[in-house]
Amino acid sequence: MIGIEFLIGCILLLAGVIGTAYPKNPDYLTRLINMEVAEFGLVFIMLAFDEMLALVTFIAVNIVPTLIFVRLIEKKEAP
């Protein structure tokens with residue numbers, strides 16, 4: 001039986017990936033928000049299996065790429 005966390009995670013992951021790849025407004029903030037949606041979708045998928053796996057996935061998938069993306073935004077908007 002597929003859990004509700006798995007289904008919600010798949011929907012969020014798919015919506016975030018599509019939103020990041022084809023944004024309506026191609027600015028960096030929109031892509032960052034859509035990337036966060038996809039990251040939380042992956043965390044929900046891992047939460048369907050194990051809480052510790054979800055925590056490790058959250059740390060690895062959410063924090064590191066967000067820091068890299070924020071640095072990219074700062075470099076692009078700097079004078």
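Start by selecting Asn34: leaving out residues up to four places away in sequence, Asn34 touches Gly16, Gly19 and Thr20. Touching, or contact, means heavy atoms within 4.5 Å. Before you go further, note that this is a predicted model, in which local features need pLDDT of at least 70, side-chain atom pairs count only at pLDDT 80 or more, and totals for chains, interfaces and linings use all residues. Residues are numbered from 1 along each chain as its sequence is written, and side-chain values use heavy atoms, with hydrogens and water left out.

**Stop 1: stay on Asn34**

Asn34 is found in helix α2. Is Asn34 buried or exposed? Asn34 counts as buried, because its relative accessibility is 18%. The cut-offs are these: buried means under 20% relative accessible area, exposed means over 50%, and partly exposed lies in between (1.4 Å probe, protein chains only). Now show the side chain of Asn34 together with the backbone of Gly19: a polar atom of that side chain lies 2.9 Å from the backbone oxygen of Gly19.

**Stop 2: zoom out to the whole chain**

Switch to a cartoon view. The protein chain has three helices and zero strands, and its elements run α-α-α from the N terminus on. Helices (H or I, at least four residues) and strands (E, at least two) are DSSP runs, numbered from the N terminus. Along the principal axes, the C-alpha atoms fill a box of roughly 55 × 25 × 10 Å. Of the 79 residues in the protein chain, 25% are buried. Among contacts between residues at least 6 apart in sequence, 63% join residues at least 24 apart.

**Stop 3: helix α1 and Leu13**

Select residues 4–21, which form helix α1, and find Leu13 there. Leu13 has a relative accessible area of 27%, so it is partly exposed. Which residues does Leu13 contact, leaving aside neighbours within four places in sequence? They are Ala38, Gly41, Leu42 and Ile45.

**Stop 4: helix α2**

Next, colour helix α2 (residues 28–47). The end C-alpha atoms of α2 are 28 Å apart, which agrees with the 28 Å that its 20 residues should span at 1.5 Å a residue. The expected span of a helix is 1.5 Å times one less than its number of residues. The buried residues of α2 include Leu32, Met35, Val43 and Met46. What covers the buried residues of α2 includes α1 and α3.

Now pick Tyr28, also in helix α2. Tyr28 counts as partly exposed because its relative accessibility is 28%. Not counting residues up to four places away in sequence, Tyr28 touches Phe69, Leu72, Ile73 and Lys76. Tyr28 and Leu72 are 44 residues apart in sequence, but 8.8 Å apart in space, C-alpha to C-alpha.

**Stop 5: α2 beside α3**

Two packed helices are described by the angle between their axes and the distance between the axes. The axes are lines fitted to C-alpha atoms, for helices over the stretch in contact, and angles run from 0 to 180 degrees between N-to-C directions. The two helices, α2 and α3, are therefore roughly antiparallel to each other. By convention, angles under 35 degrees count as roughly parallel, over 145 as roughly antiparallel, 65 to 115 as roughly perpendicular and the rest as oblique.

Along α3, 38 Å separates the first C-alpha from the last, close to the 39 Å expected for 27 residues at 1.5 Å a residue. The buried residues of α3 are Ala54, Thr57, Asn62, Thr66, Phe69 and Ile73, and they pack against α2.

Click on Thr66 in helix α3. Thr66 is buried, because its relative accessible area is 18%. Which side chain joins that of Thr66 in a polar contact of 2.7 Å? The partner is Glu36. A polar contact is a pair of N or O atoms within 3.5 Å; within protein, one must be able to donate a hydrogen and the other to accept it, and residues adjacent in sequence count only if both atoms are side-chain atoms. Beyond neighbours within four places in sequence, the contacts of Thr66 are Leu32, Met35, Glu36 and Glu39.

Finish at Leu55, also in helix α3. Leu55 is partly exposed, with a relative accessible area of 45%. From C-alpha to C-alpha, Leu55 and Val43 are 7.7 Å apart in space, and twelve residues apart in sequence.
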